[in-house]
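Student: I would like to go through this structure piece by piece. Can we take it as questions and answers?

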Amino acid sequence: MARLSSNQCVLEQYVREVTDFSSQYGSDGSISYVANNIIGKHTLYPEYGDFSAAYCLRSYGQWWTNCDSSPQPVQDPRPLLSPSMDFIDLKYEHSVYPIRVDLYETYHPGAVVRMWGSLEGKNWSLLWRGEPQTEVKGESRIFSPPIHQSHHKLINILRIEFNQGGHSYYSALDAVLLVGSTHTSSKPPTTTSSSSFHDLSITASVMRLGLHSAKSEEDIVAGVQFLLDEENLLKLIIVEEDDDYEEEEEEEEEEELVREEKEEDSRHSKIGGATEEEGIKEIKAILEEEGTSGGYFDLLPEELIVHILRQLDLRCVCRLAQTCHLLHKYASDPVLYINLNLKNWWWVVSNGTLEWLSGRCSLLQSLDLSWCGPYGALDTETFMEFIHTCGRQLTVLRLNNCHFIDNYCLYMIANVCPNLQELTMANCSRVDHLGFGELKKARSLSRLDLSRTRIDFHTLQLLLQHAPNLHHLSLNNCTQLDLDEVALTLATFNHGLTSLAAWKARGLTQRGLRALACITTLTDLDLGWALSGVVTEGLSELVRGCRGLKRLYLSALRTITDHDLYILAAQASCLTQLDIMGTRNVTPEAVHRLLHSCPTLQLLDVSFCEQVHSNHIFQWRMQFPHVCIKGGLKHQVRIV
């Protein structure tokens, strides 16, 4: 996993553990396309293609967000960073001062937009950020983004953030190599021993030599050997000492100026014969009588000030609150905190954040805490107190990847938030049937996302019976469910259901499809990797019953035939997205007929369909330019 270079100054190490992630194409317990495939040294690079031994993200493009069933983001007027869609946390064996990070991208590279570093999940620092690279050549590569040279903190955890919204297909990573120094880059002490210079300046010297952006191991080793030469190292230290000496001179001049200003202030500290302290009290009293010391803001109507503040992000509002009494008053106005998107600030959100907000969020309606509170930054008690204080008007609550959420939190949510309409808690693994059972009290729910949680069928059945207004349900990767029984329950109690996402759940057969056909309001069905057996009759009933079906994902359903596509062509002319990836028996003629019969079709995925070849894809793209057709790839090596 790790390799030390000469004299153990620079350490190369691969991932030891994946501690968290928001997205993976594979299922828990599998070895295909899962996050754990990123552990260890690269095994696929320099090959390029769709390999099941890589870590693959779940989505690509805008197909999952630009649809009727996609939740709208909680308002954030000015996010500090550009949006990202997914992340993965990687832990390494040894803590180092980062010099370089190599990302081994083996399929559709360019989705990485940010890298963060942390020591045991505390005090996150941004190592690099950039825009998604959508025009990258389709070949494997080692991507080594330049790390901020101002970063001088030990890290052993990396967070990689992705934005694959502009990519044409799934992105994949083979490995992530962290190159770092075991020694600090702090300023050298006054002692002149070469050993102490060597110990304390290695990272700064590496940065100065540009080794952090070296492209090969040979360059790294050569540079380290250069540093290990005492004469070369001392030359670098002398340059650093000269810079430090100039900085010290500037600091001394500033301190002298401050002392002079203090002496001047002390000579004029009498105000009307009073002491300085009494003078300050007198000034405060005058201000209280004449106004709030808000400057020209005193002349503005209250509505205009609030309107201005509502255009600012949370950070700017907090800063304005510290400028004067007037702006502090308006910055505490609950109307500014009706919608809070803290996901965009996940790295700074802590218990103190919620405690500070609790006095200002009496009108809170929408809260996105997704990704917040990792590694103990938020605890259960603080969250529960916040919900108890501010949650009575909540209608939207998003808690994806919030690992502090447990049964007690759901008890508080269910009992305090009677108007809750949307609850998303994907990847919340600490909740069991006792916590989920509390949600039967949330009778106003219209959207519920329990993807990759431990929900069982009997508890879910109880929730569905008490959710008559449910429109959107996500059960992706919920492996403890029998989907046939879920479909029967939905058909009985949830007649207004619009979308169902059950990707990589289990147990859906023709029996379940017939039940779903009774929910005539369905427009969005993701049943990828969930179906089994012959489904011709059930599929026929489904498309006849759900005439408004727009999105249908049947990924990896091996038994689809031409007859099934003829049914879709005749009965599902409103389709905008169709995924039949991995089918064996579908012919090009049936696919061509479907394209003719669905004028609103925008996406068609026929990748890994054994009888559909590149020449067919090329002809269809020319004939149907309004349809994004996936398939006929040169690097189809997936075994499905």
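Student: Is C428 buried or exposed?

Tutor: This is a predicted model, in which local features need pLDDT of at least 70, side-chain atom pairs count only at pLDDT 80 or more, and totals for chains, interfaces and linings use all residues. Residues are numbered from 1 along each chain as its sequence is written, and side-chain values use heavy atoms, with hydrogens and water left out. Buried means under 20% relative accessible area, exposed over 50%, and partly exposed in between (1.4 Å probe, protein chains only). C428 has 0% relative accessibility, so C428 counts as buried.

Student: How far from C428 is the nearest cysteine sulfur?

Tutor: A disulfide is a pair of cysteine sulfur atoms within 2.5 Å, and the structure holds zero of them. C428 is in no disulfide, and the nearest cysteine sulfur belongs to C402, at a distance of 5.8 Å.

Student: What is the strand order of the open sheet of 12 strands?

Tutor: Strands (E, at least two residues) and helices (H or I, at least four) are DSSP runs, numbered from the N terminus. Two strands pair if DSSP finds at least two bridges between them. The pairing in this open sheet is parallel, and the order is 11-12-13-14-15-16-17-18-19-20-21-22.

Student: Which are the edge strands of that sheet?

Tutor: An edge strand here pairs on one side only. The two that do so are strand 11 (339–341) and strand 22 (628–630).

Student: Which residue is the bridge partner of L525 in strand 19?

Tutor: Strand 18 (residues 524–526) and strand 19 (residues 551–553) pair in the parallel sense over three bridges. The partner of L525 in strand 19 is L552.

Student: In which sense do strand 6 and strand 7 pair, parallel or antiparallel?

Tutor: Strand 6 and strand 7 form a hairpin with two residues between them, and E120 in the turn has a positive phi of about 55°. G117 stands opposite S125 in strand 7. Strand 6 (residues 112–119) and strand 7 (residues 122–129) pair over five bridges, and the sense is antiparallel.

Student: Where does Y375 lie?

Tutor: Most residues other than glycine have a negative phi. Y375 is not a glycine, yet has a positive phi of about 55°. Its relative accessible area is 27%, so Y375 is partly exposed. Y375 is placed in the loop between strand 12 (366–368) and helix 10 (380–390).

Student: Is the peptide bond from Y45 to P46 cis or trans?

Tutor: Most peptide bonds are trans. P46 lies in the loop between strand 3 (17–21) and strand 4. The bond from Y45 to P46 has omega near 10°, and it is cis.

Student: How much space lies in the largest cavity?

Tutor: On a 1 Å grid over the protein atoms alone, a cavity is a set of points where a 1.4 Å probe fits but cannot get out, and lining residues have an atom within 4 Å of a point. Grid points are joined across faces, edges and corners, and a volume is the space filled by probe spheres set on the points. A search of the whole structure finds three cavities of 30 Å³ or more. The space in the largest is about 70 Å³.

Student: Which residues line the second largest cavity?

Tutor: About 50 Å³ of space lies in this cavity. Its lining residues are L439, A442, L445, L448, L463, L464, H466, A467 and L470.

Technical notes:
On a 1 Å grid over the protein atoms alone, a cavity is a set of points where a 1.4 Å probe fits but cannot get out, and a pocket is an open set with protein on both sides within 12 Å along at least five of seven lines; lining residues have an atom within 4 Å of a point.
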